[in-house]
Amino acid sequence: MDGYGRATPYDDGALLTIGAFARASRLSPKALRLYDELGLLPPAHVDPHSGYRHYAPAQLERARLVAWLRRLGMPLARIREVCELAPDAAAVAVAAYWAQVEADTAARRDLAAFLVDQLERKNTTMTTPHTPLTMRYAALTDQGLVRPAHQDAAHAGPRLLAVADGYGPDGGQAAKAAIEALKGLEDQDLTSADLLGALEEAAHRAHRAHRAHRAAPAADESTGSTLTALLRSGTQLALLHVGDSRAYVLRDSGLFQITHDHSLVQSLIDEGRLTPEEAASHPQRAQLLRSLDGATEFAPDLQLLEARPGERYLLCTDGLTGVVPAEAIQQVLTAADGPDQAVRELIRLAREVGAPDNVACVVAEVTGA
């Protein structure tokens, strides 16, 4: 019966062809075939000779729910979970999904604001006199409470900020070597035009050195390091990044992540196949797609930023971001008297929640000279 008590063509229980079912459910035959392949909406009967799919009228309710959830943008894997729930539990799941969509939208809005700010700064670079800048900075690492070895490294100086997270049998040495390869940049009087090239070349030297000296790894293990670094000349900051360590900037408008993780789970998030919550517990969350490993070509992300007085920059390994929420990180960076207090407090937070990994933090505050 329809909503007005009238008989519908599907009340007799006869199976519907895929075309009729598509029209009734507002799903295309192509979509129905995909949902069959995924086990989301299998037909009630498949003709063994022709392969034609037929659906029961009772499946229309599930099909329409699938259609609505797709209109919300819900991933197919999550739709499957919702469809298996009782109505009350399904309602809770849809509400939770939409809350996450709103949070993600807010995060994208913040990122858009950051990008607008960056572009506007570039537009005014040539017309606005530069304010001489200096940096206050601090670096701190911690072995954590679980790992048997310390494989993170960090550096903070007047021109260079860097963190590296080693992995594998020779990871600690790889991380230290990566930082050491960049330290010589502290003594070079570079112009803003030289920054990115000098930083990239120093990182390439570290990569080549690691490739030349690393021991042959076993078939089931690799060794290498992430590397995230900022190099300053005047108001210009060159950023180099490879791996899943991160760089953030705290401005009046909020805390922004200015690097993108080169990890398997981040690629799955980007493709819509995984949510950030699912990524946090994914069994392959530590798998990197790019790093300084000596076995593959070195392909870092590079960008040039315009620094302003009052900003605070954080570089850190995933030993921090994997266990401390972004909101807590922002609170520390906002409230700390200076970089030294900030790095100590951030590592304290990581240790409070068990510090399952090594931790490295660098905080710098940009001030007028």
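**Entry 1: helix α2 and what follows it**

A helix here is a DSSP run of H or I with at least four residues, and helices are numbered from the N terminus. I note at the start that I am working with a predicted model.

I looked up what comes after α2 and found glycine 39, whose phi is positive, near 75 degrees. α2 itself runs over residues 29–37.

Next I asked which residues of α2 are buried. I found Ala31, Leu32, Tyr35 and Asp36. They lie on the same side of α2, because they cover an arc of only 140 degrees around the axis. The face turned away from that buried side carries Lys30 and Glu37, which are exposed.

I then checked what covers the buried residues of α2. The cover includes the helices α1, α3 (60–71) and α4 (76–83), as well as β3 (53–55).

**Entry 2: α1 against α2**

Two packed helices are described by the angle between their axes and the distance between the axes. For α1 (residues 18–25) and α2, I noted an angle of about 100 degrees and axes 9 Å apart. Angles of 65 to 115 degrees count as roughly perpendicular, so α1 and α2 are roughly perpendicular to each other.

I listed the residues that meet: Ile18, Phe21 and Ala22 from α1, and Pro29, Leu32 and Arg33 from α2. Sorted by class, this contact has 5 nonpolar residues, 1 charged residue and no polar ones.

**Entry 3: aspartate 142**

I located aspartate 142 in strand β4, which covers residues 133–142. Is aspartate 142 buried or exposed? Its relative accessible area is 17%, and buried means under 20%, so I recorded aspartate 142 as buried.

I followed its side chain to two partners. One is the backbone nitrogen of glycine 144, at 2.7 Å. The other is the side chain of arginine 351, in a polar contact of 2.8 Å.

Leaving out residues up to four places away in sequence, I found that aspartate 142 touches His150, Ile347, Arg351, Asn358 and Val359.

**Entry 4: aspartate 357**

Where is aspartate 357 found? I found aspartate 357 in the loop between α12 (339–352) and β14 (359–368). Its relative accessibility is 13%, so aspartate 357 counts as buried.

I looked for a side-chain partner and noted arginine 147, whose side chain is joined to that of aspartate 357 by a polar contact of 3.2 Å. With residues up to four places away in sequence not counted, aspartate 357 touches Gln143, Gly144, Arg147, Asp165, Asp318 and Gly319.

Terms used: Residues are numbered from 1 along each chain as its sequence is written. This is a predicted model: local features need pLDDT of at least 70, side-chain atom pairs count only at pLDDT 80 or more; totals for chains, interfaces and linings use all residues. Side-chain values use heavy atoms; hydrogens and water are left out. Helices (H or I, at least four residues) and strands (E, at least two) are DSSP runs, numbered from the N terminus. Buried means under 20% relative accessible area, exposed over 50%, partly exposed in between (1.4 Å probe, protein chains only). A polar contact is a pair of N or O atoms within 3.5 Å; within protein, one must be able to donate a hydrogen and the other to accept it, and residues adjacent in sequence count only if both atoms are side-chain atoms. Contact means heavy atoms within 4.5 Å. Axes are lines fitted to C-alpha atoms, for helices over the stretch in contact, and angles run from 0 to 180 degrees between N-to-C directions. Angles under 35 degrees count as roughly parallel, over 145 as roughly antiparallel, 65 to 115 as roughly perpendicular and the rest as oblique. Ala, Val, Leu, Ile, Met, Phe, Trp, Tyr, Cys and Pro count as nonpolar, Asp, Glu, Lys and Arg as charged, and the others, Gly among them, as polar. The arc is that of the directions from the helix axis to the C-beta atoms.
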